[in-house]
Amino acid sequence: MTNATATRAIEREVFINAAPEIVWRYFTDPDRMVKWMAREATLDPRPGGGFLLDYNGFDRARGTFVAVEPHTRIVFTWAISISIASAPGPWWARIPLAA
């Protein structure tokens, strides 16, 4: 593995003043995802299910749900295609939810 392909992790802890059940819906319900992050969202929140987020008609994110544990944890891959170029990817996101 070269430095260019080495795996690097970015960890971020965010506290949201809401129950895990509410936060969960913003990752799994297209109507809520649109209110939060994109103008259009197609989500199939099950292991192996895909998602597509359209931010503005040009910039998009696409990925696959890897692990889906209701109200507890979501793991997915994602890559971004923006209007001027494709960003490197795919990346992994692990979202643990806790009260």
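Ile74 touches Trp24, Phe27, Thr28, Phe65, Ala67, Ala93, Arg94 and Ile95, leaving aside residues up to four places away in sequence. Keep that residue in view, as several of its partners return below. The model is predicted.

Start with the overall plan. The protein has two helices and six strands. Along the sequence they run in the order α-α-β-β-β-β-β-β. Of its 99 residues, 26% count as buried. Take the contacts between residues at least 6 apart in sequence: 19% of them join residues at least 24 apart.

Next, how far can the model be trusted? The mean pLDDT is 83. A value of 70 or more is reached by 82% of the residues. Confidence is highest in β1, with a mean of 96. Strand β5, residues 85-86, has the lowest, with a mean of 54. Where pLDDT is low, the predicted coordinates should not be read in detail.

Now turn to strand β1, which spans residues 40-43. Its covered face carries Ala41 and Leu43. Glu40 and Thr42 are on the uncovered face. In a regular strand the side chains alternate between the two faces of the sheet.

β1 pairs with strand β2, residues 50-54. The sense is antiparallel, and there are four bridges. Thr42 has Leu52 of β2 as its bridge partner. The two strands form a hairpin with six residues between them. In that turn, Gly48 has a positive phi of about 90°.

β2 also pairs with β3. This pairing is antiparallel too, over five bridges. Here Phe51 stands opposite Gly63 in β3. Again there is a hairpin, with five residues between the strands. Gly57 takes a positive phi near 95° in this hairpin.

Follow the chain on to the loop between β3 and β4, where His71 lies. Its phi is positive as well, at about 65°, although His71 is not a glycine.

The largest nonpolar core holds 16 residues. Which of them touch the most other members? They are Leu43, Phe51, Leu53, Phe65, Ile74 and Phe76. Helix α1 (20-28) and the strands β1, β2, β3 (60-69) and β4 (73-82) each supply at least two residues of this core. Leu43 is on the covered face of β1, and Ile74 is the residue with which this tour began.

Phe51, Phe65 and Phe76 form one aromatic cluster. The count of aromatic pairs comes to four. Among them is the pair of Phe27 and Trp36, which is edge-to-face. Their rings are 5.2 Å apart, centre to centre, with 70° between the planes. How do the two partners compare in exposure? Phe27 counts as buried, because its relative accessibility is 15% and the limit is under 20%. Trp36 is at 43%, so it counts as partly exposed.

Thr28 was also on the list of residues that Ile74 touches. The place of Thr28 is in helix α1. With a relative accessible area of 14%, Thr28 is buried. A polar atom of its side chain lies 3.0 Å from the backbone oxygen of Trp24. Setting aside residues up to four places away in sequence, Thr28 touches Leu43, Pro45 and Ile74. Leu43 and Ile74 are both members of the largest nonpolar core.

Ala18 lies in the segment before α1. Its relative accessible area is 32%, so Ala18 is partly exposed. The C-alpha atoms of Ala18 and Ala99 are separated by 8.4 Å, although 81 residues lie along the chain from one to the other. Ala79 is in strand β4. At 25% relative accessibility, Ala79 counts as partly exposed. Its C-alpha atom is separated by 8.4 Å from that of Arg60, 19 residues apart along the chain.

Technical notes:
Residues are numbered from 1 along each chain as its sequence is written. This is a predicted model: local features need pLDDT of at least 70, side-chain atom pairs count only at pLDDT 80 or more; totals for chains, interfaces and linings use all residues. Side-chain values use heavy atoms; hydrogens and water are left out. Buried means under 20% relative accessible area, exposed over 50%, partly exposed in between (1.4 Å probe, protein chains only). Two strands pair if DSSP finds at least two bridges between them. A nonpolar core is a set of buried Ala, Val, Leu, Ile, Met, Phe, Trp, Tyr and Cys residues joined through side-chain atoms within 4.5 Å. Contact means heavy atoms within 4.5 Å. Rings of Phe, Tyr and Trp (its six-membered ring) pair if their centres lie within 6.5 Å; planes under 30 degrees apart count as stacked, over 60 as edge-to-face and the rest as tilted. pLDDT is the predictor's confidence in each residue, from 0 to 100. A polar contact is a pair of N or O atoms within 3.5 Å; within protein, one must be able to donate a hydrogen and the other to accept it, and residues adjacent in sequence count only if both atoms are side-chain atoms.
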